[in-house]
Amino acid sequence: MPKLNRFSKILISSLICLLFSDLLYSQTYTPQYIDSMLLKVNEDLRISGRRKELIDLNKKFCDISKKQDYKRGEVLSYINLGNIYATVGMYDNAFQYLQIAEENLEGVEDYYLYTKLYQEYGQANYVIGLYKKALKYNSRSIYYGKLIKDKRNQEILSLVYANRADFLRETNSIDSSLMYLHKALDVKPTPVITSSIANHYLLYGKNEDSSKVYFNRAFSLLRKRDYWDSQRAVTYSYYGDFLFAKKNYTSALDYYIRSVEILKKTRRIYQIPRVYQALVNTYKKLNDGSKEREYLEKYTKLNDSLARVWEKSINTSVDKMTQEKEKVDNERRNFTIIYNGLVFLLVAIIVFVYYSYNKRIVRKRKIIKARELEAEFLIKKMSINDERLIFLAKKNDPLFFNEYQSAYPELVEKLLDINPKLSTNELSFCAMIQLGFSSKEIAQYGFMQHRSVQTKKNRLRKKLNIPSDVDIYFFLQSLNSA
C-alpha cells in the first residue's frame with residue numbers, strides 16, 4: 001500500500017477519534033495506545049502542519065492520561081504542545097508547556113522523555129538566538145539519549161545530533177558541526193540531515209562534487225516520502241543555495257518558491273525569513289527589481305514580527321535561568337539551615353556566643369549575592385544583545401546595522417565625528433570588526449573576496465586616520481570604551 005494512503009488512513013482514524021471525544025473520556029485506554037496516539041499519530045499530523053488537530057489530540061490525551069494516572073502520557077502531551085507552539089513561532093507558549101512538562105517529569109525515570117524534553121528546550125532557545133543555552137540543553141539531551149535501552153526510541157538521537165550541528169555552526173565550530181551531522185546520519189538517514197551535509201560542503205568545504213553527492217542522496221530519500229513536509233522544504237531551500245552558487249538563478253528561484261509554499265502549508269513560520277532573503281538575492285541577480293522589493297518587504301514584515309516574539313521569549317528563557325539559579329540557592333540555603341540546626345544542638349553554647357556575628361555575616365552574604373546576581377543578569381543581557389547582532393550579521397541581514405546603531409549609538413556618533421562622510425556600508429563594516437569578526441568571516445558572510453576585505457580596511461584606516469601600527473579592532477574598542 002503506498003505511503004500516502006497509509007498516512008491518510010492514520011489521519012482519518014485519528015480525526016474520527018477526536019470527533020467522538022465523549023467516547024474518549026468514557027473509555028479506559030492502554031498505555032501503549034496512548035503512546036501510539038501521542039507519538040505516531042502526533043508525528044503524522046505534525047509533518048502535515050495540521051495544527052488544530054494536533055492541539056486537540058494532545059489536550060484530549062493529556063486529560064485522559066491525568067484521569068488514568070498515566071504520567072508518561074501527560075508529560076508527552078505537554079512536550080508535544082511545546083513543540084507545536086514553537087514551530088509556529090509562539091515561543092512564550094512553548095516555554096510554558098515545556099516547563100510544565102519538566103515539573104511533571106520530576107521523579108519519573110524515563111530517559112526518552114528527558115531526551116525529548118531537553119531536545120525541545122535546545123531547539124526553542126536556538127531559534128531565538130540563545131546558542132550557548134541551546135548547547136547546554138542539547139548536552140543534557142545527548143546524555144539521556146545514550147541511556148535509552150530501546151533501539152527504536154534511541155533514534156531520537158539522530159534529531160538531537162542534527163540540532164547540535166546547527167548550534168555548533170552558529171558558534172563557529174564548523175568541523176564539530178560536520179562531525180555531528182555525520183553522527184546524526186549514522187543513527188537515522190533523513191533528507192534534511194543529508195541535505196544539511198551537502199550544504200555544509202558547499203558553504204565551508206567549497207566542494208561541489210561532495211555537495212552534489214549528498215544532494216542526490218537527499219532527493220533519493222525524498223522520493224520514498226509521498227507527502228509534503230518540512231524535510232522537503234529544507235532540502236529544496238538548500239538545493240536552491242547550491243544552484244545559486246552555480247549561478248543557475250532561474251532554477252534556484254523555482255526551488256526557493258517551492259520551499260516557501262511547503263513551509264507555509266506546514267506552518268514552519270520561523271524557517272520562512274531565510275528563504276525570503278534568498279529570494280531577494282535571487283531576484284536581484286535576475287534584475288527583477290519589482291519582485292526583489294516585494295520579497296524584501298515580506299522578509300522585513302515577517303522578520304520584525306518574529307523579532308518581537310523572540311525578544312519576549314528571550315526574557316522568558318532568561319527568567320527560567322534565574323528561577324533555576326534561585327532554586328539551587330534555596331536548596332543550598334535549606335541545607336545550611338539544617339546543618340546549622342544540628343550544630344546548634346551539638347554546640348549550643350558556641351552558637352549562642354557567635355550568634356550576632358554570624359547574623360551579620362549572613363546579611364552581608366545576601367547583599368553580595370544579590371549584587372552578584374544583578375551583575376550576572378546584566379552581563380547575560382549584554383551577551384544576548386551581542387548574540388542577536390552576530391546572528392543578524394552572519395545572515396547578512398539588512399536589519400543588522402539598524403539594530404547595531406541602537407545598541408552602540410555613541411560609537412557610531414564618534415566614528416561620524418572623525419569622518420562625517422562615512423557611508424552606511426562602511427559603518428556596518430566597522431560594526432562587524434568591533435563585534436570580533438575576522439577578515440575571513442567578514443568575507444564569508446558578506447559574500448566578498450578576502451582581498452576586498454583587506455582593501456576596505458586600508459581605506460578605513462585613511463578615512464579614520466588610524467596609524468599603521470594600530471590594529472583597527474583595538475582602535476574601535478578604544479572608541480567604544482572611551
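I took a nonpolar core to be a set of buried Ala, Val, Leu, Ile, Met, Phe, Trp, Tyr and Cys residues joined through side-chain atoms within 4.5 Å. Buried means under 20% relative accessible area, exposed over 50%, and partly exposed in between (1.4 Å probe, protein chains only).

Ground rules. This is a predicted model, in which local features need pLDDT of at least 70 and side-chain atom pairs count only at pLDDT 80 or more, while totals for chains, interfaces and linings use all residues. Residues are numbered from 1 along each chain as its sequence is written, and side-chain values use heavy atoms, with hydrogens and water left out.

Confidence. I read pLDDT as the predictor's confidence in each residue, from 0 to 100. The protein chain has a mean pLDDT of 82, and 81% of its residues reach 70 or more. Residues 1–7 stay under 50; the model gives them ten contacts (heavy atoms within 4.5 Å) beyond four places in sequence. Residues 370–382 are also below 50, with five contacts beyond near neighbours in sequence.

Core. Which residues touch the most other members of the largest nonpolar core? I found F400 and Y404, in a core of 122 residues. Helix α7 supplies the largest share of this core, nine residues; helices here are DSSP runs (H or I, at least four residues), as strands are (E, at least two), numbered from the N terminus. Leaving aside neighbours within four places in sequence, I listed the contacts of F400 as L389, L392, A393, S428, A431, M432 and L435.

Rings. I paired rings of Phe, Tyr and Trp (its six-membered ring) if their centres lie within 6.5 Å, calling planes under 30 degrees apart stacked, over 60 edge-to-face and the rest tilted. The count comes to 34 aromatic pairs. Y118 is buried at 8% relative accessibility, and Y121 is buried at 0%.

Charge over ring. My test was NZ of Lys or CZ of Arg within 6 Å of the ring centre and within 35 degrees of the ring normal. The charged end of R258 sits over the ring of Y236, 4.7 Å from its centre, and over that of Y255, at 4.9 Å.

Cysteines. How many disulfides (cysteine sulfur atoms within 2.5 Å) does the structure hold? I found zero. C62 is buried at 4% relative accessible area, and C430 is buried at 2%.

Key: A disulfide is a pair of cysteine sulfur atoms within 2.5 Å.
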